[in-house]
Amino acid sequence: MPFREAAARVFRAGFEALRAAEPVARVGHDDEGVHRMRVATRRLRAAFRIFGPAFGERRLAGAQRLFGKTGRMLGPVRDLDVMLARLPGLSLDLPDPLAGELEPLLQLLVELRDDGRKRMLAWLASRSRLHAMERFESFLERLEGRY
């Protein structure tokens, strides 16, 4: 398989995984949507490092910025989701007086996650992101049309 064809297939798989997870991430009832989006951005960025030399630095620069910022918006939300999921189990391992002290921490983590979700959702809906997603889709279509 030609190198650029392999790149196109890997880029397409990552892009489709990202798009498939986005509606779940936006709704927020299942933290796996944010997780799957974050994984997809990481895989795309890794693919850019691997296949990037075949396209030149400038060709993928916009996509690297797009998925880098998307990952930075998803990361804190995912990290806080994980903390919130693990906190109840942690309280079982603590003495009763200390376990009772976790409630303020829980509230703080919920507030931080809610703030992070607002920033994440604003980014996901932003014109600049949506336009960059369209540009990457066009790039993929042109790349796929060459093999």
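Biologist: Which residues form the positive surface patch?

Modeller: The model is a predicted one. Lys and Arg are the residues counted as positive. In this model the positive surface patch consists of Arg42, Arg45, Arg49, Lys69 and Arg72.

Biologist: Which helix gives the largest share of the positive patch?

Modeller: Two helices, helix 2 (32-51) and helix 3 (61-92), each provide at least two residues of the positive patch. The largest share amounts to 3 residues, and the element that supplies them is helix 2.

Biologist: Is Arg72 buried or exposed?

Modeller: Arg72 is located in helix 3. The cut-off for an exposed residue is over 50% relative accessible area. Because its relative accessibility is 54%, Arg72 counts as exposed.

Biologist: Is Thr70 buried or exposed?

Modeller: Thr70 is likewise found in helix 3. A residue is buried under 20% relative accessible area. Since the relative accessibility of Thr70 is 1%, this residue counts as buried.

Biologist: Which residues is Thr70 in contact with, leaving aside its neighbours within four places in sequence?

Modeller: Thr70 has a relative accessibility of 1% and counts as buried. With the neighbours within four places in sequence left aside, the contacts of Thr70 are Met37, Thr41, Trp123 and Arg129.

Biologist: How many salt bridges does the count come to?

Modeller: A salt bridge requires a side-chain nitrogen of Lys or Arg within 4 Å of a carboxyl oxygen of Asp or Glu. By this rule, the number of salt bridges is 12.

Biologist: How many residues apart in sequence are the parts that Arg12 and Glu144 tie together?

Modeller: The side chains of Arg12 and Glu144 form a salt bridge, at 2.8 Å from N to O. Arg12 belongs to helix 1 (residues 3-27) and Glu144 to helix 6 (residues 127-144), so the parts tied together by this pair are apart in sequence by 132 residues.

Biologist: What separates Glu16 and Arg19 along helix 1?

Modeller: Glu16 and Arg19 form a salt bridge, with the closest N and O atoms 2.9 Å apart. Glu16 is partly exposed at a relative accessible area of 32%, and Arg19 is partly exposed at 35%. They are 3 residues apart in helix 1, so the separation is about one helical turn.

Biologist: Which helices hold Arg38 and Asp79?

Modeller: Arg38 and Asp79 are joined by a salt bridge whose closest N and O atoms are 3.0 Å apart. The pair ties together parts 41 residues apart in sequence, because Arg38 and Asp79 lie respectively in helix 2 and helix 3.

Biologist: Which residues make the nonpolar surface patch of about 240 Å²?

Modeller: One of its members, Leu112, sits in helix 5 (residues 102-125). Leu112 is partly exposed, with a relative accessible area of 40%. The nonpolar patch of about 240 Å² is made by Leu105, Leu108 and Leu112.

How values were computed: Residues are numbered from 1 along each chain as its sequence is written. This is a predicted model: local features need pLDDT of at least 70, side-chain atom pairs count only at pLDDT 80 or more; totals for chains, interfaces and linings use all residues. Side-chain values use heavy atoms; hydrogens and water are left out. Patches are made of residues with over 30% relative accessible area and no salt bridge: like charges are joined within 9 Å, nonpolar side chains (Val, Leu, Ile, Met, Phe, Trp, Tyr) within 5 Å. Accessible areas come from the Shrake-Rupley method with a 1.4 Å probe; for residues, only the protein chains shown count as cover. The place of a charge is taken as NZ of Lys, CZ of Arg, CG of Asp or CD of Glu. Helices (H or I, at least four residues) and strands (E, at least two) are DSSP runs, numbered from the N terminus. Buried means under 20% relative accessible area, exposed over 50%, partly exposed in between (1.4 Å probe, protein chains only). Contact means heavy atoms within 4.5 Å.
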